[in-house]
Amino acid sequence: MSADVLLEVRNLKTYFPLKRGLLGRPRGFVKAVDDVSFFIRRGETLGLVGESGCGKTTTGKSILRLIEPTSGEIIFEGQDLMGLNQNQMRKMRREMQLIYQDPYSSLNPRLTVGEIIAEPLVVHDLLDRQGREERVRELLEVVGLSPDHMYRYPHEFSGGQRQRVGIARALALNPKFIVCDEPVSALDVSIQSQILNLLVDLQKEFGLTYLFIAHGLAAVKHISDRVAVMYLGKIVEIADSQVIYDRPLHPYTQALISAIPVPNPKIQKERILLEGDVPSPVNPPSGCRFHTRCRHCFERCREEEPPLVDKGNGHLVACHLYDN
């Protein structure tokens, strides 16, 4: 693994067993994450996008082992997290944090903002009471809130302010890596850009590395260095952010790009409409998982699963259209 790579995921699988039958055996598995591999460089933001239910959030939580993966390797700073016991993983989580999607349900309404932000410091037994209070005040200022807000409760804040509290909590332990699980999707459009700009500023100030999860490409366009597109538990394309927008290769990525609205009404943009619903992850289609909705589908797509292949300059795509 290259020295500039902070995190590398290899062949990650996370399966959830269905209800067990009479003999105690599972009747099948939900293949939420199925053989996913990628890496993230230090100080980089990798955007992970795809439709709801494709496995994005499960991927992020599996990396942190908040959900236990079925198999695979999660290499963080040269160490495989899959080989760590609970105590070792607990210590490792000081370096890895999560910003939740919903700023309303992710904050305990019974605790003050100061108690919420200080909770990671208490769990890891860092600093004394006065030191924690000073750290909370510092973090509130860093995320654009007043230090006096530490005595208030979550219900006294707007959605954007609550998400700033969630970001402050994630920063409390000085982590190197943060999973941002759709951190702006529950916010008003007018607030989304403020939170995105805050995340960019924090990354520059503290040298953070992000896995930024979103369900659409529009949200990750300006914050991501590279983008990975996920469909039904698998990565179908990875490339530099600008390359993804200018020259998407996979038909699914092309459909996502076509769905991004253009602010100029004079520009006519062709919209690629996907037919049918996303297949069940319990029984995914044979061959290419996207073939049931792909307008370019041919016989090989139905029978043979395409590998994720580099087509030059780190642009990876899993599609039989580019096999030659």
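Colleagues, the model before you is a predicted one.

I begin with the cavity. The structure holds one cavity of 30 Å³ or more, and the volume of the largest cavity is about 90 Å³. Its lining comprises 14 residues, with Cys288, Cys294, Cys301, Cys319 and His320 lying nearest the centre.

Eight strands make up an open sheet with mixed pairing, in the order β6-β7-β8-β3-β9-β10-β12-β11. Because β6 (96-99) and β11 (309-310) stand at the edges with a single partner strand each, one side of each has no neighbour in the sheet. Within the sheet, β9 (residues 226-231) pairs with β10 (residues 234-240) in the antiparallel sense, over six bridges. Here Val227 stands opposite Ala239 of β10.

Helix α5 (residues 159-171) touches β6 and β7 (177-181), and its direction makes about 175° with that of β6. Helix α6 (residues 189-206) touches β3 (45-49), β6 and β8 (209-214), with an angle of about 160° between its direction and that of β8.

Finally, helix α1. Why is helix α1 (residues 56-63) largely enclosed by the rest of the structure? Six of its eight residues are buried, and therefore the helix is largely enclosed. The buried residues are Lys56, Thr58, Thr59, Gly60, Ser62 and Ile63. After α1 comes Arg65, whose phi is positive, near 60°.

Conventions
Residues numbered from 1 in each chain as written. Predicted model: local features only at pLDDT ≥ 70, side-chain atom pairs only at ≥ 80, totals over all residues. Heavy atoms only, no water. Buried < 20%, exposed > 50% of the residue type's maximum accessible area, 1.4 Å probe, protein only. Helix = DSSP H or I, 4+ residues; strand = E, 2+ residues; numbered from the N terminus. Pairing = 2+ DSSP bridges. Contact = heavy atoms within 4.5 Å. Axes fitted to C-alpha atoms, helices over the stretch in contact; angles between N-to-C directions. 1 Å grid on protein atoms, 1.4 Å probe; cavity = no way out; pocket = protein on both sides within 12 Å on 5 of 7 lines; lining within 4 Å. Points joined across faces, edges and corners; volume = space filled by probe spheres on them.
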